[in-house]
Amino acid sequence: MKKFDADYILLEEMYQDRYFPDHLVDKIKALMLEVIAFLETGERDMEKVQEQFDKMTLGINGLQEEFEENDSELETGARESIGGTTAYILKWFDLDLDVEDAIAERDW
């Protein structure tokens, strides 16, 4: 069982950009940490892995209204940060899954 890179900062670009409220970025991070915890178990069944990424992505979809209520939105900067972090997770765990497929359920 491989542990995730303790030195990697999830969603670093979103945290650095004041346009994205930290408390909402924390919610996205929590969803990503759930996927990471699942992957740290060593699960390799790609259907189960995709289900976890779908759950994460649907959770992020559900945050859009909160972002809007805080004068923010899941726009290009957010998409790039979420996509980049997802790509890093996929690479770290050596998963043969394209980032676009991993977050295919997104509506942001």
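**Figure 1. Tyr88 and its stacked partner Tyr8 in the predicted model**. Tyr88 has a relative accessible area of 25% and is therefore partly exposed. Tyr8, at 24% relative accessibility, also counts as partly exposed. The ring centres of Tyr8 and Tyr88 lie 3.8 Å apart with their planes at 5 degrees, so this pair is stacked. Because Tyr8 belongs to the segment before helix H1 (12–16) and Tyr88 to helix H5 (residues 76–92), the pair ties together parts that are 80 residues apart in sequence.

**Figure 2. The aromatic cluster around Tyr8 and Tyr88**. Ring pairs join Phe4, Tyr8, Tyr88, Trp92 and Phe93 into a cluster. Over the ring of Trp92, 4.5 Å from its centre, sits the charged end of Lys2. In total, the structure contains 7 aromatic pairs.

**Figure 3. The edge-to-face pair of Tyr19 and Phe20**. The two rings are 5.2 Å apart, centre to centre, with 70 degrees between their planes. Phe20 is buried, at 2% relative accessibility, whereas Tyr19 is partly exposed, with a relative accessible area of 34%.

**Figure 4. Arg106 over the ring of Trp108**. The charged end of Arg106 is placed 5.9 Å from the centre of the Trp108 ring.

Figure 5. Beyond residues up to four places away in sequence, Leu24 touches Leu63, Glu66, Phe67 and Asn70. The C-alpha atoms of Leu24 and Gln64 are 9.7 Å apart in space, although these residues are 40 apart in sequence.

**Figure 6. The salt bridge between Lys27 and Glu66**. The closest N and O atoms of Lys27 and Glu66 are 2.6 Å apart. This pair connects helix H2, which holds Lys27, with helix H4 (residues 64–69), which holds Glu66, across 39 residues. Lys27 is partly exposed, with a relative accessible area of 34%, and Glu66 is partly exposed at 25%. The structure has 4 salt bridges by the rule applied.

**Figure 7. The salt bridge between Lys55 and Glu34**. Here the closest N and O atoms are 3.8 Å apart. Lys55 lies in helix H3 (residues 46–61) and Glu34 in helix H2, so the pair ties together parts that are 21 residues apart in sequence. Lys55 is partly exposed at 48% relative accessibility, as is Glu34 at 40%.

**Figure 8. The salt bridge between Glu40 and Lys3**. The side chains of Glu40 and Lys3 meet at 4.0 Å, N to O. Glu40 in helix H2 and Lys3 in the segment before H1 are 37 residues apart. Glu40 is buried at 17% relative accessibility, whereas Lys3 is exposed at 58%.

Terms used:
Residues are numbered from 1 along each chain as its sequence is written. Side-chain values use heavy atoms; hydrogens and water are left out. Rings of Phe, Tyr and Trp (its six-membered ring) pair if their centres lie within 6.5 Å; planes under 30 degrees apart count as stacked, over 60 as edge-to-face and the rest as tilted. Helices (H or I, at least four residues) and strands (E, at least two) are DSSP runs, numbered from the N terminus. Buried means under 20% relative accessible area, exposed over 50%, partly exposed in between (1.4 Å probe, protein chains only). A charge sits over a ring if NZ of Lys or CZ of Arg is within 6 Å of the ring centre and within 35 degrees of the ring normal. Contact means heavy atoms within 4.5 Å.
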